[in-house]
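Please look through the sequence and the structure before reading the points that follow.

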Amino acid sequence: MKRLLCMLVLLATVIPAMAQKTTSRKVVYGGNASIGVNCGVSKDINSNSVSATTTHGVFLKDDLFLGLGTGIDYELSGLIWLPIYAETSFNVADCYNFTPFLSCRIGGEVVALDVDSSRKGGGIMLSPAAGVSFGRYSFKLSYQYGAGSLYQKYDRYETLERDYELHYIGVSFQLNFGGR
């Protein structure tokens, strides 16, 4: 009888402890697909563009996102850039209907295609942003800095190298999936 009573007491204390929610780290897959418009604000260079990107990664404890992404950035001057970047995003607060967030992308860009077929090159990019998320949809306002070199081929023997420094202000719409 004592053994049965001890077993019942033990089960009565162990089962509720096992049923409680654990506080371990929650790592969940997530990402986004976005489309945006960038307005060039560089001195002496007019470089407006349209971009489409996708980022995939993990959410840590619902507030922090770490991911890698790529996309396509079409400049109206005829250059098509391919950005490859790492992105981190942090939810500032969790309000009732929306969630404000801060994010930052850092990586590189290469010229994938040129309408004139004479320019090649690439460089680095840094893009801090602030936005607001409404469930599966987000709007983001960003600043992007890019620096690197462009090589323009004039004929078979002559090539001109030009360093560039670009500044953009961008607005994008995101579709979020997974996570949170």
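**A note on charged and polar side chains**

1. Glu-87 is buried, and Arg-105 is buried as well, where buried means under 20% relative accessible area, exposed means over 50%, and partly exposed covers what lies in between (1.4 Å probe, protein chains only). The model is a predicted one, in which local features need pLDDT of at least 70 and side-chain atom pairs count only at pLDDT 80 or more, while totals for chains, interfaces and linings use all residues. Residues are numbered from 1 along each chain as its sequence is written, and side-chain values use heavy atoms, with hydrogens and water left out.

2. How many salt bridges does a search of the whole structure find? The search finds two, a salt bridge being a side-chain nitrogen of Lys or Arg within 4 Å of a carboxyl oxygen of Asp or Glu. In one of them the side chains of Glu-87 and Arg-105 meet at 3.3 Å, N to O. This pair links distant parts of the chain, with Glu-87 in strand β4 and Arg-105 in strand β5 (residues 99–114), 18 residues apart; strands (E, at least two residues) and helices (H or I, at least four) are DSSP runs, numbered from the N terminus.

3. Lys-140 and Glu-87 also meet through their side chains in a salt bridge, at 3.8 Å from N to O. Here too the pair links distant parts of the chain, Lys-140 being in strand β7 (residues 137–153) and Glu-87 in strand β4, 53 residues apart. Lys-140 counts as buried because its relative accessibility is 7%, and Glu-87 counts as buried because its value is 4%.

4. Leaving aside residues up to four places away in sequence, Thr-88 touches several residues, among them Leu-64, Phe-65 and Cys-104, contact meaning heavy atoms within 4.5 Å. The side chain of Thr-88 reaches the backbone oxygen of Phe-65 at 3.3 Å.

5. Ser-133 lies in strand β6 (residues 119–134) and counts as buried because its relative accessibility is 3%. Its side chain makes a polar contact with the side chain of Ser-138 at 3.3 Å; a polar contact is a pair of N or O atoms within 3.5 Å, where within protein one must be able to donate a hydrogen and the other to accept it, and residues adjacent in sequence count only if both atoms are side-chain atoms.
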